Amino acid sequence: MRVSKRASGALAVGAAFALIASGCSSGNNDGGDAGASKDGAIVIDGTQPENPLVPANTTETGGGKIIDWLFTGLVEYPNNGGAPQNALAESIDTSDSKVFKIKIKPNTKFHDGTTVKAENFVKAWNWAAYGPNGAQNASFFADIQGFSDTFTEDPDGPDGPQKAPEPKAKEMSGLKVIDDTTFEVTLSAPTAVFPTKLGYSAFMPLPDAFFADPTKFGKNPIGNGPVKFVSWQDDVEIKLTRFDDYSLRDKMKIKDVTVKIYQDDTAAYNDLVSGNLDFQQQVPVSSLAGDKWKSDLGDRAISSTTPVTGIIAFPIYDPKFKNPKLRRAISLSINRQEITDKIFFGNRKPADSWANPLTPGAEPGNCTACQFNVEEAKKLLAEAGGFKGKLTLSYNADASHKEWMEAVAQQIKTNLGIDAVAVGVPTFAVFRQNINAHKMTGAYRAGWQQDYPDVENWVNPLYVKGGSSNDGLYSNDQVNALAKEASAAPSLEESHKKFAEAVKIIDQDVPSMPIYFGGQQSGHSEKIKKMELTNVGELDITSVEL
C-alpha cells in the first residue's frame, strides 16, 4: 500500500506524530530556473496495475502510485515524514473526535473541468462502502456510522464463493452534505486516528463521470491531482500529462510523465544506466553487491529509509497452514540477519517487529516469531505433526525477489527438513490476482508499504477480519475485539496501547512472517536536476526539475 505528497500548512485536527524516515533528493540539488524544464518529459519505471484505476479498489503499489499522482485528497503526507497536513481540506474540525465537519477549498477542478464539491467525497465514500460494489478498500470506511448497514461480508467457505446478503442501506448514515464545500462525518465511536487516514487514496473524491460508468472510468480515470491521465497500454506503459488548471500546491514543473511497465527490474536498471530511463525506485539486488549501483550512478544514486516491511504470508484458508505451531516453526527457522547481510549486502535490516519501527505507535522488538531459533522450530514442527509434501513460497518475478525468497526456502529446507521451494509468478498483476482470489496453496511474498503514519495501518487492514489486505483470511476473535477497541480509543496514546495488546496475540498466531525492514536504493538520469522522494520512497513528480 502507499501514501504520497509533500505539503505545507498544518492539519487542523488530530494529534499526528512525525515519522523518522527522511525524504531524499538528488545530490545535484542546486535549485535553478524551473521554467527551463516546464515542457520537459520523463520516463519512470512501474508495474502493471492489478485492477482498473479506481482509488477505492486499488490496494497495490503498481496502480497505487498512479492514483497518488492523479488525485489530491483532503490531507497529504510530507516527504520528510512529518505529520499529515491539509491539502484539499480548508479545515477539519471536531470537538469530540466523533463528529467531524470538513470544509474543502472552493473552485478546485477535476480533470474533466467539473468542480470538486463536498458531494464528490460523500458519494465516493458511499460507493466504496456499499458491499455489492466489491471495493477492496471498503474496510477503511468501517469507522463511519452506518457502515455495517451498507457492507455485508461474503460468506465464502469450504464450498466456495457465495453471494453476500443484500445490505440494509446503500448509503452510510454518518455522511451528510452541508453545502457545496462542506460535509459532516459522524463516526460510530470517537476515533483519534481518523483525520490521519484521510490522505489515503481510498478517501479520494470522484467526479460525476465515475458514477455514470465505473467500468469505463477505471481504464480512463479522471482525477483532481497535478497530472491527468492520457493513455494506458497494458504491460507497456501509462502516459500522464500536467493538469494546467491545478490550483493547489505542488504544481508540475515538467509536462509529461510516462510510466514504463517492466517485466524485469534488471532491464529497467540497464535503461537507467544508459540514460533511457529517468527514475527507478528500487535498483535490482544484483546491483547492490560491492555497491555497484553507486559506481554506476555516482551522484545520481539515492539511498533512503522507508516505512516498508518485506513479509511472507500464509494462506490461512488452506488446511495445511491452520496450525499456528507450524507457522511459528517455519518463521523461527529463518535467519533474517543472514538474509539481510548476504542477499541485500546490509541494505535492509532484519525485521523484529510487526509494524515498521518508523511508524508512530509501533513497538520495536515485539515479533518473538521473528527470532532465529532452530531447536525451538524443530520442537514446534514435531508438535504440529510435521509438514507433508512440498512447501511453495511464491513471489512476483518482475522485481528483485528471487534471491531472497530462494534463500528463505533453502533455510527452511536446511533447518526443518521441509521440501521448500521458491516459485516465481511472471508479473505482479497476475500474482496479486491469484492472492485476491484466494488461490494460493503455499506461502507467498506480501510486503507492506504504509498508507498513513499510524500503527493502526499495520493491524486493521492486515490482521482484522474483513481487512482490505487480510489476504490469508486470518481471524482471531480477541484480535478483532482489541483492534475495535483500539480504533475507537479517544486518544492516539490509548489507541496504541490497545493495538499493542492485539499485536501480542498476532505474534503468537503468526499469520505472516516479517522478514526485513525496507531500505531503498533508487537512481535517476542525468537529465533530472532536482527531485524529491515521498516519505514511502515514491517519486514526487511535482518536485522534478530538468
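Are Phe344 and Tyr516 buried or exposed? Both are buried (under 20% relative accessible area, with exposed over 50% and partly exposed in between; 1.4 Å probe, protein chains only). The model is predicted, with local features needing pLDDT of at least 70, side-chain atom pairs pLDDT 80 or more, and totals for chains, interfaces and linings using all residues. Residues are numbered from 1 along each chain as its sequence is written, and side-chain values use heavy atoms, leaving out hydrogens and water.

**View 1. Helices α9 and α11.** Helix α9 (residues 324-332) packs on helix α11 (residues 374-383) at about 155°, with the axes 8 Å apart. The two are therefore roughly antiparallel (over 145 degrees; under 35 is roughly parallel, 65 to 115 roughly perpendicular, the rest oblique). Lys325, Leu326, Arg328, Ala329 and Leu332 of α9 meet Val374, Glu376, Ala377, Leu380, Leu381 and Glu383 of α11 (contact: heavy atoms within 4.5 Å).

**View 2. The Phe344 and Tyr516 pair.** The structure holds 21 aromatic pairs (ring centres within 6.5 Å; planes under 30 degrees apart are stacked, over 60 edge-to-face, the rest tilted; for Trp the six-membered ring is used). Phe344 and Tyr516 form a tilted pair, 4.9 Å centre to centre with 55° between the planes. Phe344 lies in the loop between α10 (336-343) and β13 (349-350), and Tyr516 in strand β18 (residues 512-524), 172 residues apart.

**View 3. The Tyr463 and Tyr474 pair.** The ring centres of Tyr463 and Tyr474 are 6.3 Å apart and the planes lie at 85°, so the pair is edge-to-face. Tyr463 and Tyr474 are each buried.

**View 4. An aromatic cluster.** Phe100, Phe121, Trp125, Phe141, Phe183, Phe194 and Phe203 make up one aromatic cluster.

How values were computed: Axes fitted to C-alpha atoms, helices over the stretch in contact; angles between N-to-C directions. Helix = DSSP H or I, 4+ residues; strand = E, 2+ residues; numbered from the N terminus.
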